[in-house]
Amino acid sequence: MTGTVPVIIDACVLANFSLCDTLLRLAEEPRLFEPKWSDEIIQETTRTLESKLHWPSTLVAYLESELRAHLSDAWVSGYESPLCAQNKLHAQTKAYTILLNPRFFAGRDEIVWEHGHNKTVVRIPRRPINNRPQVNNLPHVPATQVRDL
Amino acid sequence: MGIGMDIRLSEDLRSRVEQELASGRYRDSDEFIEEAVRYFLEDRQRGQRRRDALRRIGRAVDEAGLYEKVLAPSQE
């Protein structure tokens, strides 16, 4: 996969499968971005799918095996650093950000877009997606709050 | 022994090919073009396999009735 914009896909996004599916399809031609995650993100995702969303373990294992087989380029490693000790809650995210220098970070709550020396944060409302997203009919993501950092 | 093909490139692409050849990593333009075409075809195949995998995953999750099941904020 040779997308030009690396984007960290966090577990809170991957575990919400309709959103995960939409984003991963957008990462295909014409490759709007290049999805990235780590072993820890996948572990958190699979743990969440089983324990909180009650996916059968066979389905979780199938999802992980397919991701490993066909989206292996998404895995990142080598980010382990003292950063992880500084802030346990978001240490991994910070480490990935520094490692990959992504211009976007897609989390459940916000999408961060870096342009030049500025960053724009789009807050996503915390509510479930009720309609199945279609690749050719993407749901509108209202920006309830946009601010420059 | 390969089959000869007459390939015309834009000035920009031709310039970039010549830059690559100047790096010394390729024996000649034939070798470079062959590698580029092979990479393109393999990359396209990988993309098709990824899309097939996404379709299979989506179908499996849908059949399990879990496609639209999402985490409530209180579950996170």
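Predicted model: local features only at pLDDT ≥ 70, side-chain atom pairs only at ≥ 80, totals over all residues.
Residues are numbered from 1 along each chain as its sequence is written, chains are lettered from A in the order in which they are written, and side-chain values use heavy atoms, with hydrogens and water left out.

**Chain B**
- B:Leu9 lies in the segment before helix H1 (11-22) of chain B; helices (H or I, at least four residues) and strands (E, at least two) are DSSP runs, numbered from the N terminus.

**Chain A: overall**
- Chain A has six helices and six strands, in the sequence order β-α-α-β-α-α-α-α-β-β-β-β.
- Of the 149 residues in chain A, 41% are buried.
- Contacts (heavy atoms within 4.5 Å) between residues at least 6 apart in the sequence of chain A join residues at least 24 apart in 58% of cases.

**Chain A: strand E1**
- Strand E1 (residues 6-9) of chain A is covered on both faces, with A:Pro6 and A:Ile8 buried on one side and A:Val7 and A:Ile9 buried on the other.
- E1(A) pairs with strand E2 (residues 34-36) of chain A in the parallel sense, over three bridges; pairing requires that DSSP finds at least two bridges between two strands.
- A:Ile8 of this strand is opposite A:Lys36 in E2(A).

Terms used. Buried < 20%, exposed > 50% of the residue type's maximum accessible area, 1.4 Å probe, protein only.
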